[in-house]
Amino acid sequence: MIPIFVNLKEFKVCIFGFGEVGKRRLNKIISANPDKITLYTKEEIDEKTLNYYKNLCNIEFITCNIEDMTNEEIKEIVKQHDFIITTIDKENNKRIVSISKGLKKFVNSSTFERDINLIIPAYCCRDGIYFVVYTQGKSPLIAKNIRKLVENYIKNYDYEIDIQNNLRSFLKEDIPSQRDRKKILENVFNNKNFKMELLE
């Protein structure tokens, strides 16, 4: 697999399950601005939760028990969506993954299946900088801790990011050589005295 960034603006997402994992997946998916999210859950959703999510995105909650659905019924649901996320029990996750792959959909599963083709990894974003870490399902805890370390690192370099961004834009106007621009940016990054003067 290779890491990619996806804008879901024109795509439909289906999520099966609204437990802790389902909620985390949903919150990540919302940030990608999908056209519509349909979420299937066997639990009744309270009015406060419904209103909260409906204020954030175009979402529909459908109460049903996936265990009672036939493969054909699941297939009809999957057909209507572009991205499938399943966060229920292992047996039904496997069914949904198999059906979704058969329909050539992007599918993510909370129980790590070899056949999934969509990973939603731990990531952080600060000042337009994204960092992603993925452990192939071996240790979500390690991935979470690495993400926190990087978040803290980026916080300490906020001013550096602004300096590099502004200087890079300035250099593009006057210095045509990418190699020369790179050398200047590296010199500025490594020059502590220069940076201290800018901060004063």
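I am working from a predicted model. I looked up the largest nonpolar core and found 20 residues in it, with Val13, Leu26, Ile37 and Phe61 making the most contacts inside. Next I asked which elements supply at least two residues each. They are strand S1, helix H1 (20-30), strand S2 (36-41), helix H2 (47-54), strand S3 (59-63) and strand S4 (83-86). H1 gives the most, with three residues.

As a reminder to myself, nonpolar side chains tend to be buried together in soluble globular proteins.

**Leucine 26.** What does leucine 26 touch, leaving aside its neighbours within four places in sequence? I listed Ile15, Phe18, Ile37, Leu39, Tyr53 and Ile59.

**Strand S1.** I then checked S1, where four of the five residues are buried, so the strand is largely enclosed by the rest of the structure. S1 pairs with S2 in the parallel sense, over five bridges. I looked for the bridge partner of valine 13 in S2 and found isoleucine 37.

**Out to the surface.** Last, I turned to a nonpolar patch on the surface, formed by Ile2, Ile4 and Val6. Together these residues have about 320 Å² of accessible area. I placed valine 6 in the segment before strand S1 (12-16). Is valine 6 buried or partly exposed? I put it down as partly exposed, because its relative accessibility is 40%.

Terms used: Residues are numbered from 1 along each chain as its sequence is written. This is a predicted model: local features need pLDDT of at least 70, side-chain atom pairs count only at pLDDT 80 or more; totals for chains, interfaces and linings use all residues. Side-chain values use heavy atoms; hydrogens and water are left out. Patches are made of residues with over 30% relative accessible area and no salt bridge: like charges are joined within 9 Å, nonpolar side chains (Val, Leu, Ile, Met, Phe, Trp, Tyr) within 5 Å. Accessible areas come from the Shrake-Rupley method with a 1.4 Å probe; for residues, only the protein chains shown count as cover. A salt bridge is a side-chain nitrogen of Lys or Arg within 4 Å of a carboxyl oxygen of Asp or Glu. Buried means under 20% relative accessible area, exposed over 50%, partly exposed in between (1.4 Å probe, protein chains only). A nonpolar core is a set of buried Ala, Val, Leu, Ile, Met, Phe, Trp, Tyr and Cys residues joined through side-chain atoms within 4.5 Å. Contact means heavy atoms within 4.5 Å. Two strands pair if DSSP finds at least two bridges between them.
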